[in-house]
Amino acid sequence: MAPTTTTTVDTPVFDDKKVTVIFVLGGPGAGKGTQCARLVHDFNFCHLSAGDLLRAEQNREGSQYGELIRTYIREGTIVPMEITIKLLENAMRDALNKKSGDGWTDGRGRFLIDGFPRKMDQAVKFDESVCLSSLVIFYATTEEVLLGRLTERGKTSGREDDNAESIKKRFRTYQNDTMPVINYYSAQGKVAEIDSSPSIDEVYKKSTEVINDVFAGKYQKA
């Protein structure tokens, strides 16, 4: 379904009492996708990657946004929020419909949204118009670790942005635009920071503890 950017929503599309949204943030190469894949398996989440949705849209035949998205991704900058938010809303709706027989009943669902929000306006707009988020999981590590991981991944990923020039641009964008989002949610008590430098298994142990805390009510929505 092609995204549209003309709809103004005064109240969230999804009820946060039924739909749990956890944002997953961290620098490029922090291991967000790897951890999300395991959480999906163990906790019946739906994993939505903002980057994957944008890459799919840029390659979708007939997309009016394809070339625009391609340019933003190549430059390591952030795609206009209206496009990304509409893609996420559409994907959430599709998942709720498809998984209705898989333990998701009466409009209930669990989403890990990976790589979003990357700017303050995205965070505020999503909470207001799509669904109030429950938590941000922030996978933190050093720039040195991230660079090494992305350089290695670029050998086989085939992604346009897994090259040295784009990686450096993505680091700058992340520091300038995404860290204020972390600080914004931290002030609300809605950030769980996890060091992603150790092994995948060690990081996952911390991740499961955070998810269990969410469902135990430790993190209350603002």
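The model is predicted, so local features need pLDDT of at least 70, side-chain atom pairs count only at pLDDT 80 or more, and totals for chains, interfaces and linings use all residues. Residues are numbered from 1 along each chain as its sequence is written, and side-chain values use heavy atoms, with hydrogens and water left out.

## Fold

The chain has eight helices and five strands. Both are DSSP runs numbered from the N terminus: helices are H or I with at least four residues, strands are E with at least two. Read from the N terminus, the order is β-α-β-α-α-α-β-α-β-α-α-β-α. Of the 222 residues, 45% are buried. Buried means under 20% relative accessible area, exposed means over 50%, and partly exposed lies in between (1.4 Å probe, protein chains only). Contact means heavy atoms within 4.5 Å. Among contacts between residues at least 6 apart in sequence, 81% join residues at least 24 apart.

## Nonpolar cores

In soluble globular proteins, nonpolar side chains tend to be buried together. A nonpolar core here is a set of buried Ala, Val, Leu, Ile, Met, Phe, Trp, Tyr and Cys residues joined through side-chain atoms within 4.5 Å. The largest such core holds 31 residues, and V21, M92, F111, I113 and F126 touch the most other members. Elements giving two or more residues to this core are β1, β2 (46-49), α4 (81-98), β3, α5, β4 (135-140) and α7. Helix α4 gives the largest share, seven residues.

Take V21. Beyond its neighbours within four places in sequence, V21 contacts M92, F111, I113, F126, C131, S133, S134 and L135. A second, separate core has 21 residues, including V24, F43, V203 and I211.

## Aromatic pairs

A pair of aromatic rings is described by the distance of the centres and the angle of the planes. Rings of Phe, Tyr and Trp (its six-membered ring) pair if their centres lie within 6.5 Å; planes under 30 degrees apart are stacked, over 60 edge-to-face, and the rest tilted. The structure holds eight aromatic pairs. Two of them are listed here.

| Pair | Centre to centre | Angle between planes | Class |
|---|---|---|---|
| F23 and Y185 | 6.1 Å | 55 degrees | tilted |
| F116 and F126 | 5.6 Å | 65 degrees | edge-to-face |

F23 counts as buried because its relative accessibility is 0%. Y185 is also buried, at 1%.

F116 sits in the loop between β3 (109-114) and α5 (120-129), and F126 in helix α5, 10 residues apart. Both F116 and F126 are buried. Ring pairs link F23, F116, F126, Y184 and Y185 into a cluster.

Two arginines lie over rings. R38 lies over the face of Y204, at 4.4 Å from the ring centre. The charged end of R110 sits over the ring of F215, 3.9 Å from its centre. The criterion is NZ of Lys or CZ of Arg within 6 Å of the ring centre and within 35 degrees of the ring normal.

## Annotated binding-site residues

UniProt positions follow the numbering used here, feature names are shortened, and annotations may be inferred rather than shown by experiment. An unreviewed UniProt entry places the feature "binding site" at G29, A30, G31, K32, G33, T34, R153 and P198.

K32 lies in helix α1 (residues 32-43). With a relative accessible area of 12%, K32 is buried. Leaving aside neighbours within four places in sequence, K32 contacts V24, L25, G26, G27, D114, G115 and Y139. The side chain of K32 reaches the backbone oxygen of G26 at 3.1 Å.

The unreviewed entry also places the feature "binding site" at other positions, including R118 and Q122. Which of these two is buried, and which partly exposed? R118 is partly exposed, at 27% relative accessible area. Q122 is buried, at 2%.

R118 is found in the loop between β3 and α5. Not counting residues up to four places away in sequence, R118 touches G76, I78, T173, D177, T178 and V181. Q122 is in helix α5.

Key: Polar contact = N/O pair within 3.5 Å; in protein donor to acceptor, adjacent residues only side chain to side chain.
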